[in-house]
Amino acid sequence: IINIFVAVGGTNWGYLTSPDNYTSYDYGAPITEGGRISERAEPCRRFSQFVAEHESELLESEPADELGKKSGELFLKIRKAPSGTCFVFARNLTGKDQTIRTELGEFKIPYPAMEVWVVDKNGKKLDYFPSINQVKSKRSLAFISPGSLPRLENFRFLEYQAPFQEGVLSWKEITGRTDIDGIGAHYGFVWYRTKIARVNWIKIDARHLWALYLNGKLIKAYDNFRNRLGTGPDLAKTIKVRLPKHLLKEENTLVLLTESLGHNKGFMEDHFNPRGLVFARAKKSPLKWEVFAGLLPGEKGITPKVDFSSLRKLSRQIKIPQQFSSESGLGIYLAEFEVKPGQVFSHPVGVKIKTSSGRANIYLNGWLVGRYWAEVGPQEVFYLPFELFNKGKNQLEVVVWGWKKRTSLTELELVKYS
């Protein structure tokens, strides 16, 4: 009779999401991503009660199309039980209130509406379920008790350049396919590295997002997520990138960072579309690639946990907002907040983030809980589950992948998550 999708909201942790979805999978659910009973729950409860009261006759009812009416975005569908009781289902999306006259009588239908009447065989109205938006909702409830919201403090920063430095990462030579399934990575980010002679250009097909660095400097960042529907071919482009002469040497190091946005909910045809580096060719220069899987050392699997302790030792204290040179690497931001023994919160907690460009991975105590995209959005607030909180000190870690020469982290704070 009515489809509630989804009944309970959720989160696409780690790299679980498909290309057409965001970290949050709340969908305005009656029970929210953060575990709250929202204002939408009461109409759903009322409707379930309405159905239960008329269950036997609803199950026995058959369509009575001859009694119904339809005109564009306005219609009445009628089902009739053996007892003669009729169920009148009305929808009005016309932009204004409407009145429909039928053999069962007159029905006034407000806009917007999806309503149900129960009438006897003579047209007498026995029961009525109003449009969901007319049902008065109870105030939103939380599963947790009152308390105060923690504050982020002790902000620290590190410019991450390990992929451009010799002897820091353990690179693996690629002897076969270069896509992420071919190298056994399957999810998220992959770093590629190759040596080239002094050439003018390189052609690249990498998916979905990629950035190319020449001798440690960003020369091109590209969004190759072309098929937003996520079914059928990727429609990805092969891009010809000119290599700046002032950065070229006799022997050069090219580093390519790719990010897979995943596959579209497991639809068969999309599973065969490659991710990561699909094709690369440079003028008169054979390419032998090495690979390092994961955005950071130790990041493995579809829901990774990263140990930031060694990176923290290399960081320095800063204040937010803060700008860094994203043409030379990633920006890693670290912050702390404290949960005191016995402390509880009146509302689910989220983190609000805003950068000037590019992508960001958000980690809570090492767990990847959110993926942010400045140019696309719309999500800027990410749910932090209480189950991942430590008693005492907690760490929030944000890895920013800037797509311009300079990138700013302009906002990072804990907020109520609704």
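Buried means under 20% relative accessible area, exposed means over 50%, and partly exposed covers the range in between. The views below show a predicted model.

View 1. Lys-352 and Glu-411 form a salt bridge, with 3.4 Å between the closest N and O atoms. Lys-352 belongs to strand 24 (residues 349-355) and Glu-411 to strand 29 (residues 406-416), so the pair ties together parts of the chain that are 59 residues apart in sequence. With a relative accessible area of 23%, Glu-411 is partly exposed, because this value falls between the limits of 20% and 50%. Lys-352, at 25% relative accessibility, also counts as partly exposed.

**View 2. The salt bridge between Arg-312 and Glu-336.** The side chains of Arg-312 and Glu-336 meet at 2.8 Å, N to O. This pair links distant parts of the chain, 24 residues apart: Arg-312 is in helix 4 (residues 309-313), and Glu-336 is in strand 23 (residues 330-339). Arg-312 is buried, as is Glu-336. Side chains of opposite charge can pair when their charged atoms come close.

View 3. The closest N and O atoms of the salt bridge between Arg-177 and Asp-179 are 2.9 Å apart. The two side chains are also listed as a polar contact of 2.9 Å. Asp-179 sits in the loop between strand 12 (172-173) and strand 13 (189-197).

**View 4. A patch of positive charge on the surface.** The patch gathers Lys-240, Arg-242, Arg-281, Lys-283 and Lys-284. Arg-242 is placed in strand 17 (residues 239-242). The relative accessible area of Arg-242 is 55%, so this residue is exposed.

**View 5. Two cis peptide bonds.** Most peptide bonds are trans. Which residues are joined by a cis peptide bond with omega of about 0°? These are Arg-207 and His-208. His-208 falls in the loop between strand 14 (201-207) and strand 15 (209-214). A cis peptide bond with omega of about 5° joins Ile-320 and Pro-321. Pro-321 is in the loop between strand 21 (316-317) and strand 22 (322-325).

View 6. Most residues other than glycine have a negative phi. Leu-235, which is not a glycine, has a positive phi near 65°. This leucine, Leu-235, is in the loop between strand 16 (217-223) and strand 17. At a relative accessible area of 55%, Leu-235 is exposed. Asn-365 is not a glycine, yet its phi is positive at about 50°. The loop that holds Asn-365 runs between strand 25 (359-364) and strand 26 (367-373). Asn-365 has 14% relative accessibility and so counts as buried.

**View 7. A side-chain contact of His-347 to the backbone.** His-347 is in the loop between strand 23 and strand 24. Which backbone oxygen does the side chain of His-347 reach? That of Tyr-417, at 3.0 Å. The relative accessibility of His-347 is 18%, so His-347 counts as buried, the cut-off being under 20%.

**View 8. Met-114 and Glu-413.** Met-114 is part of strand 9 (residues 113-119). The relative accessible area of Met-114 is 53%, and the residue is therefore exposed. How many residues separate Met-114 and Glu-413 in sequence? The separation is 299 residues, and the C-alpha to C-alpha distance in space is 40 Å.

Terms used:
Residues are numbered from 1 along each chain as its sequence is written. This is a predicted model: local features need pLDDT of at least 70, side-chain atom pairs count only at pLDDT 80 or more; totals for chains, interfaces and linings use all residues. Side-chain values use heavy atoms; hydrogens and water are left out. Patches are made of residues with over 30% relative accessible area and no salt bridge: like charges are joined within 9 Å, nonpolar side chains (Val, Leu, Ile, Met, Phe, Trp, Tyr) within 5 Å. Accessible areas come from the Shrake-Rupley method with a 1.4 Å probe; for residues, only the protein chains shown count as cover. A salt bridge is a side-chain nitrogen of Lys or Arg within 4 Å of a carboxyl oxygen of Asp or Glu. Lys and Arg count as positive and Asp and Glu as negative; His and the chain ends are not counted. The place of a charge is taken as NZ of Lys, CZ of Arg, CG of Asp or CD of Glu. Helices (H or I, at least four residues) and strands (E, at least two) are DSSP runs, numbered from the N terminus. Buried means under 20% relative accessible area, exposed over 50%, partly exposed in between (1.4 Å probe, protein chains only). A polar contact is a pair of N or O atoms within 3.5 Å; within protein, one must be able to donate a hydrogen and the other to accept it, and residues adjacent in sequence count only if both atoms are side-chain atoms.
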